Amino acid sequence: MSHCRDYFANSYTEARQKFLQSTTSAGYQTWHQQLPDHHGAAGEKLYMDFALCGNPKATTGFLMLSGTHGVEGFCGSALQSQLTDSGFFQEYTQECRILLVHAHNPYGFSWLRRVNESNIDLNRSYQDTSVTLLPEGYAQLQDVINPTQLRDDLSTPNDLQLEQYAHTHGPFQLQQAITSGQNVFPQGMYYTGTQPTWSQQVLQEVIPQAFTNVSEVGVLDIHTGLGKFGEALILHDYGHDTLSGQKMQQWFGAKQQSSAPSTSEVTPLVGTVGHGVTQMLPTTTVHSCTLEFGTVDLSQVLYILRADNWLHHHAALQDPQDPKWLHIKKQLKAAFYPGTDAWCTAVATQGQAVVQEMLNGLLQPSISR
Ligand SMILES: [Zn+2]
């Protein structure tokens with residue numbers, strides 16, 4: 001058995017190899033969907049990969065996704081491979097149907113972007129995007145959120161506007177204005193798109209088939225970039241008095257936070273992967289959450305995402321070897337994947353604990369079931 005650090009890859013291709021190797025060795029059923037019309041940063045083909053195991057007659061399911069936000073996939077991919085390779089899932093395969101989705105957004109994973117091939121944020125896109133989505137404040141801040149020019153230090157002359165907005169409306173409103181999701185500016189940050197993505201169409205086909213006999217499913221979508229450095233944070237949007245909300249508290253205790261209106265200061269999100277899966281499984285009880293691992297400050301994350309958006313839409317650089325390109329990508333990768341031994345070990349340990357808590361919770365008979 002390898003050390004947990006060994007499962008953290010340096011590229012999408014390497015992460016994919018580790019995932020395929022561990023899931024194939026474990027005897028899981030694996031299959032692949034190639035993203036059409038696009039290639040990766042090294043010219044490679046891009047795939048969403050699937051690994052399925054566990055009793056086909058089980059009525060409980062577990063779904064674990066990596067790479068919804070592309071570059072954040074280094075973390076989730078490592079967890080998937082490590083848990084598979086260590087035989088961790090074996091204990092649960094009698095009673096549970098387990099589906100691992102690797103690189104939900106393979107384009108972003110390979111190109112070190114948080115968004116997909118169409119600049120879409122997949123964790124905002126699982127909603128009705130045929131209607132206009134524009135959070136209050138976004139258009140007003142458009143020049144500073146999506147600048148067409150950036151200084152060498154990645155700032156703009158208008159950055160003060162952000163502070164002024166936060167001062168007038170509060171930091172929570174500022175975050176909501178920027179990050180809630182919009183489909184008016186296709187070259188802007190937090191774009192939801194206006195129609196279902198390739199990733200959504202693929203999952204729509206795969207998930208109901210994988211969980212045919214399942215009546216209750218736990219969904220864990222692995223992310224990075226929110227919370228304290230190396231610490232696990234569970235985000236969901238169930239009210240405390242709902243069945244799923246109670247289960248989240250029961251399973252995860254102090255690690256979990258609800259973004260349901262009036263329960264917290266976390267920006268409530270619409271169009272998350274969890275919302276998508278819930279719609280894909282209309283007769284199944286779905287308990288869905290995001291597992292975040294902290295990296296750097298949120299403001300730092302936003303500045304580097306803005307620079308990456310500028311790089312892909314306005315910098316007029318085509319060469320991924322250009323020093324400016326490399327500089328931004330290096331910072332972006334570090335903001336979502338610090339990659340130090342301490343961070344990787346913390347993530348591996350806590351990640352396993354969270355998966356264990358969810359699986360044990362799903363499988364133990366409880367009064368509210
Ligand atoms: Zn994320």
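Let's start with helix α11, residues 323-336: its 14 residues reach 20 Å from first C-alpha to last, close to the 20 Å expected at 1.5 Å a residue. That expected span is 1.5 Å times one less than the number of residues. Keep in mind that this is a predicted model, where local features need pLDDT of at least 70, side-chain atom pairs count only at pLDDT 80 or more, and totals for chains, interfaces and linings use all residues. Residue numbers run from 1 along each chain as its sequence is written.

**More on α11**

- The buried residues of this helix are Ile328, Lys329, Leu332, Ala335 and Phe336; buried means that 20 or more other C-beta atoms lie within 10 Å of a residue's own, exposed means 12 or fewer, and partly exposed is in between, with C-beta atoms placed from the backbone.
- What do the buried residues of α11 pack against? Their partners are β5 (216-229) and α10 (298-313).

**The whole chain**

- The protein chain has twelve helices and eight strands, where helices (H or I, at least four residues) and strands (E, at least two) are DSSP runs numbered from the N terminus.
- A compact globule of 369 residues would have a radius of gyration near 21 Å, and the protein chain agrees with its 20 Å; this radius is taken over C-alpha atoms, and the globule rule is 2.2 Å times the number of residues to the power 0.38.
- Along the principal axes, the C-alpha atoms fill a box of roughly 60 × 45 × 40 Å.
- Of the 369 residues, 47% count as buried.
- Take the contacts between residues at least 6 apart in sequence: 76% of them join residues at least 24 apart. Two residues are in contact if their C-beta atoms, placed from the backbone, lie within 7 Å.

**Two domains**

- Domain 1 covers 4-121 + 197-295 + 337-363, while domain 2 covers 142-179 + 299-334; such bounds come from an automatic or database domain assignment.
- Taken over C-alpha atoms, the centres of domain 1 and domain 2 are 27 Å apart.
- Ten residues of domain 1 are in contact with twelve residues of domain 2.
- The side of domain 1 that touches domain 2 has five nonpolar, two polar and three charged residues. Here Ala, Val, Leu, Ile, Met, Phe, Trp, Tyr, Cys and Pro count as nonpolar, Asp, Glu, Lys and Arg as charged, and the others, Gly among them, as polar.

**Helix α6**

- In α6 (residues 171-179), the buried residues are Leu174, Ala177, Ile178 and Thr179.
- Seen down the axis of α6, these fall within an arc of 165°, so they line one face of the helix.
- They pack against α4 (142-145), α5 (160-169) and α10.
- Just after α6 comes Gly181, with a positive phi of about 115°.

**Two leucines with positive phi**

- Leu112 isn't a glycine, yet its phi is positive, about 55°.
- You'll find Leu112 in the loop between α3 (106-111) and α4, and it is buried, with 21 other C-beta atoms within 10 Å.
- Leu154, also not a glycine, has a positive phi of about 70°.
- Leu154 sits in the loop between α4 and α5 and counts as partly exposed, with 19 C-beta neighbours inside 10 Å.

Technical notes: The arc is that of the directions from the helix axis to the C-beta atoms.
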